[in-house]
Amino acid sequence: VDHLNAVTEWRVSDDDTKRVDVGSRRVVFSYATPNFHHNGGSLAFSHDGLLYISVGDGGTGLVFTDKSPMGIAQDIESPRGKILRIDPLGLQGVKAGTGQYSAPSDNPYVGRPGLDAIFALGFRNPWRMSFDRATGELIVGDVGQSAIEEVNIVKRGGNCGWPFKEGDTYRNDNPGKFTKDAPWAGQAPLLDPALAYTRGYIQSGVLSVVGGYVYRGTAIPQLRGRYVFGNWTTSGGLHGQLFHADLRSREMKEFLIGPSDEPLDGYLVAFGEDAEGELYALTTSLAGPKGTTGKVSRLVAFQGEVKPRITQISTEETSPGRADSPIARGKRLFTEKLCATCHQIDPAVPAPPGEALHAPRFLGKFWGQPLQVHDGIGGPL
């Protein structure tokens with residue numbers, strides 16, 4: 001055990017509801033974690049007053065043991081790699097062994113083998129999640145292992161597949177390698193995410209999806225109903241990314257920031273939503289949870305002409321005549337058809353050497369020069 005993760009409750013002061021009574025601390029729920037990473041870390045209350053908790057796999061998602069032969073995220077006796085759902089006041093459903101909370105009676109494992117608090121399973125590191133205030137859907141961004149980031153609409157009892165599945169593709173024994181075959185022996189089917197994208201599709205070196213909110217505000221009408229989320233960083237540098245997507249069509253775009261499409265200032269760590277449905281991006285200049293560099297930025301519509309940013313993908317000398325050059329590969333990908341269901345390259349068109357079999361259906365690479373053009377609400381990425 002490296003540490004304990006704890007869900008802790010405090011009460012507000014009787015004299016001032018904007019202050020916490022520091023003597024009222026109560027640990028509602030805790031669990032052991034073997035490593036320092038993959039902690040998850042979101043708390044969200046639904047309209048019914050129940051508390052949802054996102055829990056990472058503790059960094060052991062690819063470790064298969066006698067106790068968890070399908071990985072810890074598939075182990076129904078462990079809270080790790082799960083979304084939990086509890087009543088922290090202990091008023092609804094079945095009391096926990098500690099008596100600190102209860103599990104609603106309609107949780108999928110109440111009255112049968114499995115942890116009563118589990119609501120959904122099969123997650124790697126569900127770092128941020130939220131409820132859509134219009135539909136009530138629970139949406140979570142789950143950080144990928146080495147290649148694919150994903151956004152899931154969580155269903156009660158649903159299995160999002162980790163570690164057998166990353167995004168909408170099945171894994172084999174090598175991290176970052178994928179296969180058409182489904183090496184899955186479980187009873188319930190594994191769910192596809194609402195959105196999945198490869199890190200290379202967005203920009204080389206992007207890391208860690210940060211779940212956000214479906215926009216239900218009024219300040220940016222063209223954004224209404226779209227899911228706003230982002231990436232923690234690009235290439236490990238001090239700049240995250242902001243995106244918005246239609247989770248039904250899986251169409252995804254990057255925000256333009258300011259008149260010259262400036263980079264996001266800092267690592268992106270979370271989003272916030274106010275009472276009117278307006279959204280905020282939370283950033284920091286330090287990679288770890290320390291220091292005083294945190295910022296909260298409100299998302300507003302920019303009024304005026306925006307010049308899209310053009311960023312260099314590769315500076316190496318390339319020859320369009322070479323079959324394996326970035327230009328030649330991009331040209332072939334630009335003309336290839338992708339299956340809208342499984343996102344495979346049309347079998348009638350051979351896959352270029354070195355390209356993955358599976359790819360997002362909206363994948364497209366510009367050719368003629370190794371440049372990538374970013375556009376915002378007004379046009380495609």
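We're working with a predicted model, where local features need pLDDT of at least 70, side-chain atom pairs count only at pLDDT 80 or more, and totals for chains, interfaces and linings use all residues. Residues are numbered from 1 along each chain as its sequence is written, and side-chain values use heavy atoms, leaving out hydrogens and water.

**Exercise 1.** Work out how far the predictor trusts this protein, and where pLDDT is below 50.

*Solution.* Start with the mean pLDDT (the predictor's confidence in each residue, from 0 to 100): it is 78, and 71% of residues reach 70 or more. Next, look at residues 311–381, where the pLDDT is below 50. Beyond near neighbours in sequence, that stretch still has 119 contacts in the model (contact: heavy atoms within 4.5 Å).

**Exercise 2.** Describe the surroundings of Arg85.

*Solution.* Then check burial: Arg85 counts as buried because its relative accessibility is 7%. Now list partners: leaving out residues up to four places away in sequence, Arg85 touches several residues, among them Asp48, Tyr52, Asp106, Phe119 and Arg156. Finally, pick out the polar pairing: the Arg85 side chain makes a polar contact with the side chain of Asp106 at 2.8 Å (N or O atoms within 3.5 Å, one able to donate a hydrogen and the other to accept it; residues adjacent in sequence count only if both atoms are side-chain atoms).

Note on methods. Buried means under 20% relative accessible area, exposed over 50%, partly exposed in between (1.4 Å probe, protein chains only).
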